[in-house]
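Welcome! Here is a short tour for anyone meeting this structure for the first time. Have a look at it before reading on.

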Amino acid sequence: MSDFYHIRRTLYLSSLIVFIVASVGCGLSGNVWVLVVLRCIQSVGTSVTNSVGAGTVSDCWEVTERGSAFSILFLGQFFGPLIGPIIGGGITTVLGWRATFWFCAAYGAFLFCFLFVFLPETYRVEQIWDAHLFHTPEPKNPQTEAKTSLTAVSGLSGISGQPDQSRLSRLSRLSISDESNEHTQVDSTRDLEAADNVDQTQNEINLPSSLRDHQSTAEKQSVQRLNPFQSITMLKHVFVLLVAIQTGVCFGTMFTVETIIPDLYESTYGLKSWQTGLSFVGAGVGNLIGSFVSGRLSDYLLKRARRQRGGKSKAEDRLTLNAWPGGFVLVPLGVLIFGWCIHAHLTIWASMIGFAIVCFGMSQVYASGSAYLVDALPGKGASVTAAANLLRMVMACILSLIAHPVVESIGPGYLATILASLNIIGMFCFVFVKLNGQKMRQKLTFGEVY
């Protein structure tokens, strides 16, 4: 919807209204099934920021700056779920579980007022933006200006070599007006309209062919009806699917660890709810440091790759060096430390450090993959992020559902081994896209532009 109607701000505000209403309903609910349904509606209100937020980043930052912007965006997305247990645990202990939903409703109302006042509409039409980047006006030559204008007007007529006589007469009146300044105001207005048409046509002529193809595609899409499931079809593209799989596995690993921590810490270390919430501080620090490091390092490596290629860039440069140790080493190592230290009943600090390493490594992989998807499909940042988020949440849901039965049957150490193996296998999806992504994108006419 965001890319179809060219809107961001309206969706942010609408989603917050949904979130506020659902939160109030959860606080008033007296039935567990009503609570479950309202929680699902509440998640609908929060999910918009994940996809539309990526679109806003693509609107406001250039390709070489998006890594740092994504690090700030992901800082909120990852840091929130980690400090949530700390705040929620304290509120629940003191005021009860219903108070957490009243807190959410108040927080949502604050965000709505803040965005309503300070957030403008950020949507950027890529074709118009690219046109300004590629089109450099040439200095006007009085001797050749008339010939150029005549050629452009001839193109407007629709008949090769036969310019429209009425448009030529207007152009002639414009030339005479420049010399003698004796025309009436009515003729001048008509002349300006004709000159604007000439300039617009000349700008279109100067656009690269690839951008004109994208512009014609956008014009065709504007007459189509909205298909709410169209973004999901982007998963049919192999490079989108592979990146979404690995970011889903990486995020699912963090989400699974979050899910099993309360029961494991209670049964193994005897922690209460507020103490368990405080144990997430280590993971929060890992996410905080990882978000800042991943964004700035990703932008630096992207610019370096562009310089080494003589100024030419491609989207696969976004799969930068920091993603490889993050996915191949840090996430598997961190989850193994977490799982086997609890399995062996070692100190709780060891498992907290392991979870922090998982979060730091996950930030490197997730930031690179998400920024790549936005760069690889210009003008489709929100849609492709929504498709990747769908797969990510499905995988996180599956992993979290099977986590407790696996822990009860074979222990947390073996669950950690399974998660580490999935991350290593998934990183080969990144390797494949790094090596073959541009070839696959060229079939969609995006490989030559970015």
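What distance should the 30 residues of helix 16 span at 1.5 Å a residue, and how far apart are its end C-alpha atoms?

## Helix 16

Helix 16 (residues 381-410) should span 44 Å, and its end C-alpha atoms are 41 Å apart, which agrees. Helices here are DSSP runs (H or I, at least four residues), numbered from the N terminus, and the expected span is 1.5 Å times one less than the number of residues. At A403 helix 16 bends by about 35°, and the proline P405 follows within four residues. The bend is the angle between axes fitted to the seven residues ending at a position and the seven starting there.

## How to read the model

This is a predicted model, in which local features need pLDDT of at least 70 and side-chain atom pairs count only at pLDDT 80 or more, while totals for chains, interfaces and linings use all residues. Residues are numbered from 1 along each chain, and side-chain values use heavy atoms, leaving out hydrogens and water.

## Helix 14

Helix 14 has a kink of about 35° at L330, shortly before the proline P332. Its buried residues (under 20% relative accessible area, 1.4 Å probe, protein chains only) include W324, P332 and F338.

## Salt bridges

There are four salt bridges, each a side-chain nitrogen of Lys or Arg within 4 Å of a carboxyl oxygen of Asp or Glu. One joins R441 to E316, with their closest N and O atoms 2.8 Å apart. R441 lies in helix 17 and E316 in the loop between helix 13 and helix 14, so the pair ties together parts that are 125 residues apart in sequence. Salt bridges also link D299, R318 and D375 in a network.

Definitions and conventions: Helices (H or I, at least four residues) and strands (E, at least two) are DSSP runs, numbered from the N terminus. Buried means under 20% relative accessible area, exposed over 50%, partly exposed in between (1.4 Å probe, protein chains only).
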